[in-house]
Amino acid sequence: MESLTRSAKEPPTDDDEAIARSLDGDLAAYEVLVTRYSALAHRTAAMLGAGDETEDAVQEAFVKAYRHLATFRRGEPFRPWLLRIVANETHNLTRSRGRRAELTVKLTELDPPETEGPEDAAVAVDRRTRLLDMVRTLPERERQAVVCRYFLQLSEAETAQVLDLPVGTVKSRTSRGLNRLREEVGRDLA
C-alpha cells in the first residue's frame, strides 16, 4: 500500500489518508484538510450570514471538526460533513448575537462573466448585485437551500447533509426560494 510506504513527513494526498493520519495524532495531516477546505468554508459561512464573523465561525468549525473527527463516518465524503459543521456554527453565531442572518458576499469572489466590454461588465455587476439583494430577502430556510445549491454548487444530497434535512425538504425549500426569486425578478423588470 502506498500510504504505508509513504513517509510521515509527506502530506496526505486525499481526504481519507488525511483523516486517518489526523486520528493518529498527525496535526500536519489535519492542516492539509484545513488548507484544502478553508476557502470553501469561508465562502459557506459568509453566504449563510456570518458577515464580519465569518473567520470566527470557520475557525470554530474547524476546531469542532477536529474534536469530533473520530465520529466522522469513514468512507463518506468529508466536504459535506465539514460544511454541516460550518453551517451549524454560522447559525449558532448569528443566533447568539440576536441578529437576523445577513448574507455578505464580495462581488470579486464570484466568477466574473465573460463580457465584451466595460458596459457589459457594469450591467453584469448590477444584475449580480440585485440578485444577491433578492437572495438576502429570502426567508432563512429558503436562503440556506438556495445558497448551498446554487452559490456553493452542492448537490441536493450534499445540501441535505450540510443543513441536516431530508432531501425532499431541500427540494421543496429550494423550489420555494427559486419561485420567490422569479417573482422578485419579474417585479424588478416590470
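Predicted model: local features only at pLDDT ≥ 70, side-chain atom pairs only at ≥ 80, totals over all residues.
## Thr-174 in helix α9

Let's start inside helix α9, which spans residues 167-189 and holds Thr-174. Thr-174 has a relative accessible area of 6%, so it counts as buried, the cut-off being under 20%. A polar atom of the Thr-174 side chain sits 2.7 Å from the backbone oxygen of Val-170.

Which residues does Thr-174 touch, leaving aside those up to four places away in sequence? They are Ala-145, Val-146, Arg-149 and Tyr-150.

## Where α6 meets α7

Two packed helices are described by the angle between their axes and the distance between the axes. For helix α6 (residues 118-136) and helix α7 (residues 140-151), the axes come within 10 Å and cross at roughly 140 degrees. On the α6 side, Leu-132, Val-135 and Arg-136 make the contact, while α7 brings Arg-143, Val-147 and Phe-151. Sorted by class, the contact of α6 with α7 has 4 nonpolar residues, 2 charged ones and no polar ones.

## Two loop residues with positive phi

Most residues other than glycine have a negative phi. Gln-153 is not a glycine, yet it has a positive phi of about 55 degrees. Gln-153 lies in the loop between α7 and α8 (156-163), and is exposed, with a relative accessible area of 62%.

Asp-164 is also worth a look: it is not a glycine either, and its phi is positive at about 60 degrees. You will find Asp-164 in the loop between α8 and α9. Its relative accessibility is 47%, so Asp-164 counts as partly exposed.

Key. Residues numbered from 1 in each chain as written. Heavy atoms only, no water. Helix = DSSP H or I, 4+ residues; strand = E, 2+ residues; numbered from the N terminus. Buried < 20%, exposed > 50% of the residue type's maximum accessible area, 1.4 Å probe, protein only. Polar contact = N/O pair within 3.5 Å; in protein donor to acceptor, adjacent residues only side chain to side chain. Contact = heavy atoms within 4.5 Å. Axes fitted to C-alpha atoms, helices over the stretch in contact; angles between N-to-C directions. Nonpolar A, V, L, I, M, F, W, Y, C, P; charged D, E, K, R; others polar.
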